[in-house]
Amino acid sequence: MLRVISGVSKGRKLKAVPGSHTRPTTDKVKEAIFSRIGPYFSGGTVLDLFAGTGALGIEAISRGIDRGIFIDINPKSIEVIKGNISAVGQIEKAEVYRNDAKRALKVCAKRELKFDLVFLDPPYKLEMTEDILQQMDSLSLFHKGAVVVVEHDTVYTYNEQIGNLQCNRRLVYGDTAVTVYDYIVNE
């Protein structure tokens, strides 16, 4: 069962995307992520790219993030994300878009959006995460001090530094790994 594990929406149930193409983040992994990056926030904007169910972005909003942008290419995911956001009563804090990740990032740049927290949980078979992180850095989509959380298969290890993103830690939970980056800008 998917649920919000902390914050104002704690305990609210979330729906999963039907079928086997979406792999929801387990509560154990979600709790570990948020205990490392939060656990609570005083505002900011989250990007949940490859959002799936939207559970990570919804959790961030529940824990104090002001605004969430949810992006996925799968129409079933978009329907589930919208339903989940409605179920936790956070419609006014969320924008949901069906789009290809790289194209969506260009739209975010045109809108001059900047993010404090980013979740990237692409399908494990896609090996485009480093390209996406480089694109986000080159498009200046991060606020100073932003945190990027990449969920991926344990067989893959990402570079320690990607543009202005510096690896902070790598966590392993079974066959799931989480790499956390900090956005470092030298002034």
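A residue is called buried here when its relative accessible area is under 20%, and exposed when that area is over 50%. By that rule, buried residues make up 51% of the 187 residues in this protein. What you see above is a predicted model, so please take every value that follows as computed from predicted coordinates.

I'll start with the overall shape. For 187 residues, a compact globule would have a radius of gyration near 16 Å, and the protein has 15 Å, so the two agree. Along the principal axes, the C-alpha atoms fill a box of roughly 40 × 35 × 30 Å. The secondary structure consists of five helices and ten strands.

On contacts: take the pairs that are at least 6 residues apart in sequence. Of those, 65% join residues at least 24 apart.

Now the surface. The protein exposes about 9000 Å², and 48% of that area is supplied by carbon and sulfur atoms. As for charge, there are 25 positive and 23 negative side chains. The centres of these two sets lie 5 Å apart.

Gln135 sits in helix α5, which covers residues 129-138. Is Gln135 buried or exposed? Its relative accessibility is 13%, and the cut-off for buried is under 20%, so Gln135 counts as buried. Leaving aside residues up to four places away in sequence, Gln135 touches Lys102, Leu105 and Lys106. With Lys102 there is also a polar pair: a polar atom of the Gln135 side chain lies 3.1 Å from the backbone oxygen of Lys102.

Thr176 is another buried polar residue to look at, with a relative accessible area of 11%. Thr176 lies in strand β10, residues 176-183. Which residues does Thr176 touch, if we skip those up to four places away in sequence? They are Val29, Tyr124, Glu151, His152, Thr154 and Leu171.

Then Thr22, which is in the loop between β2, residues 13-14, and α1, residues 27-37. For a sense of distance, take Thr22 and Arg67, which are 45 residues apart along the chain. Their C-alpha atoms are separated by 24 Å.

The peptide bond from Gly38 to Pro39 is cis, with omega near 0°. Pro39 belongs to the loop between α1 and β3, the latter being residues 45-49.

Phe50 is not a glycine, yet it has a positive phi of about 60°. Phe50 is in the loop between β3 and α2, where α2 is residues 55-62. At 16% relative accessibility, Phe50 counts as buried.

Glu112 also has a positive phi of about 60°, and Glu112 is not a glycine either. Its loop runs between α4, residues 101-110, and β6, residues 115-120. Where does Glu112 fall, buried or exposed? With a relative accessible area of 69%, which is over the 50% cut-off, Glu112 is exposed.

Definitions and conventions
Residues numbered from 1 in each chain as written. Predicted model: local features only at pLDDT ≥ 70, side-chain atom pairs only at ≥ 80, totals over all residues. Heavy atoms only, no water. Helix = DSSP H or I, 4+ residues; strand = E, 2+ residues; numbered from the N terminus. Rg over C-alpha atoms; globule rule 2.2 N^0.38 Å. Buried < 20%, exposed > 50% of the residue type's maximum accessible area, 1.4 Å probe, protein only. Contact = heavy atoms within 4.5 Å. Areas by Shrake-Rupley, 256 points an atom, 1.4 Å probe, with all protein chains shown as cover. Lys, Arg positive; Asp, Glu negative; His and termini not counted. Charge placed at Lys NZ, Arg CZ, Asp CG, Glu CD. Polar contact = N/O pair within 3.5 Å; in protein donor to acceptor, adjacent residues only side chain to side chain.
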